[in-house]
Protein chains: 2
Amino acid sequence: VTRLPASIEKVVGALGKLPSIGPKTAQRLTFHLLKQPPDDARSLAAAIGALHEGVRLCETCHYFAENERCDVCNDPRRDLSEVCVVEDALNVLGLERTGAYHGLYHVLGGALSPLKDRGPDDLQIESLMRRLRDGAFREVILATNPTVEGEATAVYLARLIGPLGIRTSRLAQGLPAGGDLEYTDALTLQRAFEGRRNYDLEP
Amino acid sequence: VTRLPASIEKVVGALGKLPSIGPKTAQRLTFHLLKQPPDDARSLAAAIGALHEGVRLCETCHYFAENERCDVCNDPRRDLSEVCVVEDALNVLGLERTGAYHGLYHVLGGALSPLKDRGPDDLQIESLMRRLRDGAFREVILATNPTVEGEATAVYLARLIGPLGIRTSRLAQGLPAGGDLEYTDALTLQRAFEGRRNYDLEP
């Protein structure tokens with residue numbers, strides 16, 4: 001098979017290492033960049049090259065920040081009595097997009113996983129407990145993923161937090177908005193049943 | 001909504017401009033890069049930044065090349081009597097991958113399109129005709145896309161080439177391998193009918 005110029009192969013290879021980018025997509029993206037003015041590729045390169053420079057983790061909640069503390073922790077309008085515990089910084093973004101939550105966050109950096117050899121010391125659990133002991137929190141929302149690992153992490157944290165007398169909660173599980181019962185898996189359906197709510201119509 | 005650090009927003013924005021990369025995918029890719037060692041992002045950036053440097057277009061066929069002529073045109077084992085005309089360099093890659101073709105290529109750089117105001121002078125048609133007049137070609141395979149624009153371009157080229165006494169051909173159209181008649185659109189099915197071949201079993 002005829003080889004492509006080395007500089008093209010390099011970009012195809014580097015893009016192909018990104019998650020969800022297969023070899024064909026990597027090729028298509030590379031050829032797209034080749035057809036655009038070289039300045040487009042150069043500005044993309046400059047942005048990616050500088051990605052880590054302006055970014056650090058918030059010292060309080062471990063979300064991405066430009067200074068010691070992130071924009072959420074610095075925001076005086078946030079509700080200081082609630083903290084929402086998530087596995088990943090990407091989850092903060094998703095929750096912020098809903099506009100439904102106004103408290104603080106705590107990014108664990110993953111979930112407990114015996115398979116991946118990830119124990120409590122590998123997650124930001126100690127700093128969470130310190131925050132809870134030092135703060136005036138009324139509720140901890142355990143928003144780890146609805147997976148085996150996420151559930152186990154939530155149970156683990158709920159047990160740790162219990163003695164502090166702070167209420168813990170878990171995000172509701174059930175049917176996704178716009179979903180279809182016919183295509184819903186059994187576990188989701190079971191949880192939607194378990195979590196059913198009384199349907200109180202106004203009299 | 002809480003903003004992300006500027007260096008993150010920049011990468012999300014730049015990746016989001018690539019075709020088939022939506023804002024959510026751009027975010028996911030960016031966060032992936034953030035979690036990897038900074039050297040990973042830097043080497044991706046270096047590759048993209050150098051993409052155009054080592055690349056030029058082959059002076060003969062306009063495929064990507066590192067020198068005046070591409071690897072295909074330089075390959076002494078290629079069949080010099082056949083030239084396959086394609087719209088895009090990406091098509092060369094796809095045809096090479098089949099391993100079924102051993103002739104030369106000619107990249108037009110698009111198809112004729114009144115809508116996009118692209119006429120014969122905007123494509124590499126003059127250089128194709130020059131090649132055909134100067135060379136010893138027996139066949140021109142018109143491998144433009146099976147779209148309205150690609151078909152019109154093939155017809156246009158076939159008429160131009162006719163007087164040179166060189167045979168022109170067009171890639172077969174029909175059912176895709178592994179396809180299902182039930183899910184095949186009417187036009188494809190019609191062309192599969194028109195292009196049907198005698199089924200000669202060995203006696």
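**Figure 1. A salt bridge joins K35(B) to D88(A).** The closest N and O atoms of this pair are 2.6 Å apart; a salt bridge is a side-chain nitrogen of Lys or Arg within 4 Å of a carboxyl oxygen of Asp or Glu. Between chain A and chain B, the count is 2 salt bridges. The structure is a predicted model, in which local features need pLDDT of at least 70 and side-chain atom pairs count only at pLDDT 80 or more, while totals for chains, interfaces and linings use all residues. Residues are numbered from 1 along each chain as its sequence is written, chains are lettered from A and ligands numbered from 1 in the order in which they are written, and side-chain values use heavy atoms, with hydrogens and water left out.

**Figure 2. The interface of chain A and chain B includes 14 residue pairs in polar contact, both residues being at pLDDT 80 or more.** A polar contact is a pair of N or O atoms within 3.5 Å; within protein, one must be able to donate a hydrogen and the other to accept it, and residues adjacent in sequence count only if both atoms are side-chain atoms. On the side of chain A that touches chain B, at least two residues each come from α1 (6-16), α2 (23-35), α3, β2, α4 (71-74) and α5 (89-98) of chain A. Such helices (H or I, at least four residues) and strands (E, at least two) are DSSP runs, numbered from the N terminus. The element that gives the most to this side is α2(A), with 11 residues. Sorted by class, the side of chain A that touches chain B has 32 nonpolar, 11 polar and 13 charged residues. Here Ala, Val, Leu, Ile, Met, Phe, Trp, Tyr, Cys and Pro count as nonpolar, Asp, Glu, Lys and Arg as charged, and the others, Gly among them, as polar. In total, 56 residues of chain A are in contact (heavy atoms within 4.5 Å) with 56 residues of chain B. The area buried between the two chains is about 5000 Å², and carbon and sulfur atoms give 73% of this area. Buried area is the accessible area (1.4 Å probe) that two parts lose on being put together, summed over both.

**Figure 3. Helix α1 of chain B, residues 6-16, has its buried residues covered by parts of both chains.** The buried residues of this helix are S7(B), I8(B), V11(B), V12(B), A14(B) and L15(B). Buried means under 20% relative accessible area, exposed over 50%, and partly exposed in between (1.4 Å probe, protein chains only). The covering elements include α3 (38-49) and β2 (64-65) of chain A, together with α2 (23-35) of chain B.

**Figure 4. T30(B) lies in helix α2 of chain B.** This threonine is buried, with a relative accessible area of 0%. Neighbours within four places in sequence being left aside, T30(B) is in contact with L51(A), I8(B), V11(B), V12(B) and L15(B).

**Figure 5. L4(B) is found in the segment before α1 of chain B.** At 3% relative accessibility, L4(B) is buried. Apart from neighbours within four places in sequence, its contacts are Y63(A), L93(A), E9(B) and F31(B). The C-alpha atoms of L4(B) and P38(B) are separated by 18 Å, the two residues being 34 residues apart along the chain.

**Figure 6. E96(B) and R78(B) meet in a salt bridge.** The N to O distance is 2.9 Å. E96(B) lies in helix α5 (residues 89-98) of chain B and R78(B) in the loop between α4 (71-74) and β3 (79-86), so the pair ties together parts that are 18 residues apart in sequence. Both E96(B) and R78(B) are buried.

Figure 7. E126(B) is exposed, at a relative accessible area of 59%, whereas R130(B) is partly exposed, at 44%.

**Figure 8. C61(B) and C84(B) illustrate cysteines that are too far from other cysteines for a bond.** The whole structure has 0 disulfides over all chains; a disulfide is a pair of cysteine sulfur atoms within 2.5 Å. The closest cysteine sulfur to that of C61(B) is in C70(B), 3.6 Å away. For C84(B), the closest cysteine sulfur is in C61(B), at 11 Å. C61(B) is buried, with a relative accessible area of 1%, and C84(B) is buried at 3%.
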